[in-house]
Each structure stands twice: as structure tokens, then as C-alpha cells.
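Thank you all for making the time this morning. I would like to walk you through one structure, going from a single residue out to the way the chains meet, and then back to a few individual positions.

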Protein chains: 2
Amino acid sequence: MATTTKDRILDTSAELFRRQGYMGTGLKQLVAEAGAPFGSIYHFFPGGKEELGAETIRRSGELYLQLFVAIAAEAPDAPSAVSDFFAGAAETLVETDYSDACPIATVALEVASTNDTLRQATADVFESWIDASTAYYTAAGLSDEKARALSLSILSLLEGAFIFSRAMRSTEPMRVTGAAASAMVREALAA
Amino acid sequence: MATTTKDRILDTSAELFRRQGYMGTGLKQLVAEAGAPFGSIYHFFPGGKEELGAETIRRSGELYLQLFVAIAAEAPDAPSAVSDFFAGAAETLVETDYSDACPIATVALEVASTNDTLRQATADVFESWIDASTAYYTAAGLSDEKARALSLSILSLLEGAFIFSRAMRSTEPMRVTGAAASAMVREALAA
């Protein structure tokens, strides 16, 4: 039961961070939407909002990594895996009225210069994504250096496209960058 | 004199939005850092923080557009212009201890689902960048459709790289995506 309440708080904070960022999310709104007593925040996260924020970031980062692994496992090859991931992101944007995008990026931009604990949490998540993606492309035949560069470009295309697609309320940026990302992977592997 | 105070308020809000976002910026901090009386906010921006936010977004968007035009005018060709812009962004990140990045992206992610007036301001800025960039690549010989797709990819690489470089406190993402963006332009023009 204790675990359930904690999970519900973390699921709710992830959703609120995606929709409105870290600074715009108040603890009162959070417990109300999670259906949890206010005291439970400090019970599970003695460090308060900052500790909850850091755990939300790390947990969301892990879930997104698993999502990519699951999509990659189903795809026939690396360019298709990238295409499918961007297409899934576009579909989710439409289904959630352009609110459900990367749960890390908004917080990363908000806190990068103001809260080093949270900045470090976002950096750790990003490094874990880059490492996993680099391993994926080295397994497909690229050198470490080329695989890391490719990973940084694909992930930047994805994060940038979330910004444009959410602001413009259009899947065009996500669709167009998905095609570019997939072509980039195909060319890198063919070279 | 009135113009000077208004400009100072807008410069300060642009800097604070870049560093800490829209939700994290309070009007008291803003007037203190701008050295302006509190009442001047409502004098120049009767709509308060939202109106100030929208004007900051539009003004910053225009300044960034001019910066790209200035860099492109100096560059020998389109791939170099893109290289130079990313290199300049990396340099500014280091000089400002990773605080000075895109003034629009943080606000865009924060407000996309919560404040439609500000979301529209970010969308208008992004559309103006995409249109200017599309015109630039059609002038270099691409079709409208290809020029627009290329613009969306280059801008997404840039915005994504700002997120990774700020979070990781490293110019690596900006340098690597700058090389990828430049190569993308070179290939598109050669095709």
C-alpha cells in the first residue's frame, strides 16, 4: 500500500512536469491529483519537492529508456527503430493534446542554472540514454565515436522536435525530424 | 527615457527566462535586476506578466533571427553559416557558464499546455524562424518542401543540443550536432 501511494505520487509528478514543468507544479496540486495525503510527500521524500523532483526525473528517464529498448526489439533494423520511436512520439502528442512529451527536457531547461541537484539528475538520465544508444549503434557496426555522435544528433532531433511540435500544436516537426533521423542512421550504417 | 526603462525590463526578462524560465521568474526579482520601479511593469505592460512574457518572446525571437542573418551574411556558404551559428552558440554557453541559451525554448515547454497566449507567441516566433530559414535554403536551390524539412531538422538539432549542453554542462552536444547539421545542409544542396 505504501509502495502504491509512492508510485502514484511519482506517476502524477511525471505527468505534471511534462505538462507544466517543475516550477509550475505545486505540492498541493500534486497530492490532490495523486489522491494522496499531503504528509505522504515528506514521508516518502524527506527532502521535499527537490528529492521528489530528482526521483521523478530518474524514474521517467528509466521508463523512456525501456520504451526505446522495447520499440527497438520489435523493429527489423536500426533506421526503422528510430522511425518507429518518432512516430510513436507523434501519436502520443496527438492523443494527449500535445501535452505528453519528454518529462525531462522542460525540467532540464528550468533548473540547469538554478538547482544543481536536479540538473545533475537530468544530466545522469541524458548520459544513460546516450550510453544505451551508443551501445545500440556500436552493436550495429559503428565505431564508439561515430555511434556517440549519431546518438547525440538523434536525441537532439527528438528533443528539439518536442519543443516545436508542442508549441506549434502540429506533428509536422516530429514527422519531418523522424524521417531525417532515420535517414541519418541509414547513412551512418551504410558508410 | 521611458523607452530605456522598457528596454531594460525586456532585456532583463529575456535573460531571466533563459536562465530560470517563465514560471521561476517573479516580477519583484525582475524589477530589482532591471533597476526599474515596480509600477513600471504595469505602465508598460498593462496585461502584467503575461503581456511582458509575450513581448519578451517576440523580441528575443526577432533578435535571434537577426543574429542568424548576420552570421549567414558573413559565411561563404550555407553549410558554413550553420557551422558558425552552432559554434557561436557553444561559445556563448561557455562564456555564460551554460546559462545563455535559447530564450524561447524553456518558456515554450513550460507554457505549451497551460497558457495559450504565450504558447501562440512561441509558435509565431518558431514559424518566423522556419520561414526565414526556408527562404534561405530555397535561395540556395532547394524546393520549398525540402527547404522547410531541412529547416525543421536544423532548428530541432539546435534546440535539442541546447538542452543536452546545458544539462551536461558540456559543449560536446552543440559541437557534434553542429557538425551533423552542417553535413545535412551540404548533402541536401548537393542532391
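In which helix of chain A does A:R19 lie? The residue A:R19 belongs to helix α1 of chain A, which covers residues 2-20. Before I go further, please keep in mind that what you are looking at is a predicted model, and that the values I quote are computed from it.

Leaving aside residues up to four places away in sequence, A:R19 touches A:S99 in its own chain and B:S113 in the partner chain. The C-alpha atoms of A:R19 and A:A101 are separated by 8.0 Å, although the two residues are 82 residues apart along the chain.

Now a word on confidence. The mean pLDDT of chain A is 94, with 98% of its residues reaching 70 or more, and the model as a whole scores ipTM 0.95 and pTM 0.95.

Let me turn to the two chains together. How are the copies related? Chain B can be laid on chain A with an RMSD of 0.0 Å, using a turn of 180° and a shift of 0.0 Å along the axis, and the two copies are therefore related as by a two-fold rotation axis. The same surface serves both copies, in that 100% of the contact residues of chain B recur in chain A.

How many residues of chain B are in contact with chain A? In this model, 38 residues of chain B are in contact with 38 residues of chain A. On the chain B side, the elements that each give two or more residues are α1 (2-20), α6 (105-111), α7 (116-139), α8 (144-168) and α9 (172-190), and of these α8(B) gives the most, with 15 residues. Sorted by class, that side of chain B has 21 nonpolar, 12 polar and five charged residues.

With 22 C-beta neighbours inside 10 Å, A:M168 counts as buried. Again not counting residues up to four places away in sequence, A:M168 touches A:P173 in chain A, together with B:A123 and B:F126 in chain B. By contrast, A:M168 and A:G35 are 33 Å apart in space, C-alpha to C-alpha, and 133 residues apart in sequence.

Next, some backbone angles. Most residues other than glycine have a negative phi, and with that in mind I would point you to two positions. The phi of A:Y98 is near 65°, a positive value in a residue other than glycine. Where is A:Y98 placed? You will find A:Y98 in the loop between α5 (78-95) and α6 (105-111) of chain A, and with 21 C-beta neighbours inside 10 Å this residue counts as buried. In chain B, the phi of B:R169 is near 50°, again a positive value in a residue other than glycine. The residue B:R169 sits in the loop between α8 and α9 of chain B, and with 16 C-beta neighbours inside 10 Å it counts as partly exposed.

I will finish with two other positions in chain A. The residue A:Q120 is in helix α7, residues 116-139, and counts as partly exposed, with 16 C-beta neighbours inside 10 Å. The residue A:F38 is in helix α3, residues 38-44, and with 12 C-beta neighbours inside 10 Å it counts as exposed. From A:F38 to A:Y64, C-alpha to C-alpha, there are 28 Å in space, and the two are 26 residues apart in sequence.

How values were computed. Residues numbered from 1 in each chain as written. Chains lettered and ligands numbered in written order. Predicted model: local features only at pLDDT ≥ 70, side-chain atom pairs only at ≥ 80, totals over all residues. Contact = placed C-beta atoms within 7 Å. Helix = DSSP H or I, 4+ residues; strand = E, 2+ residues; numbered from the N terminus. Nonpolar A, V, L, I, M, F, W, Y, C, P; charged D, E, K, R; others polar. pLDDT = per-residue confidence, 0-100. Least-squares fit on C-alpha atoms with pLDDT ≥ 70 in both. Buried ≥ 20, exposed ≤ 12 C-beta atoms within 10 Å, placed from the backbone.
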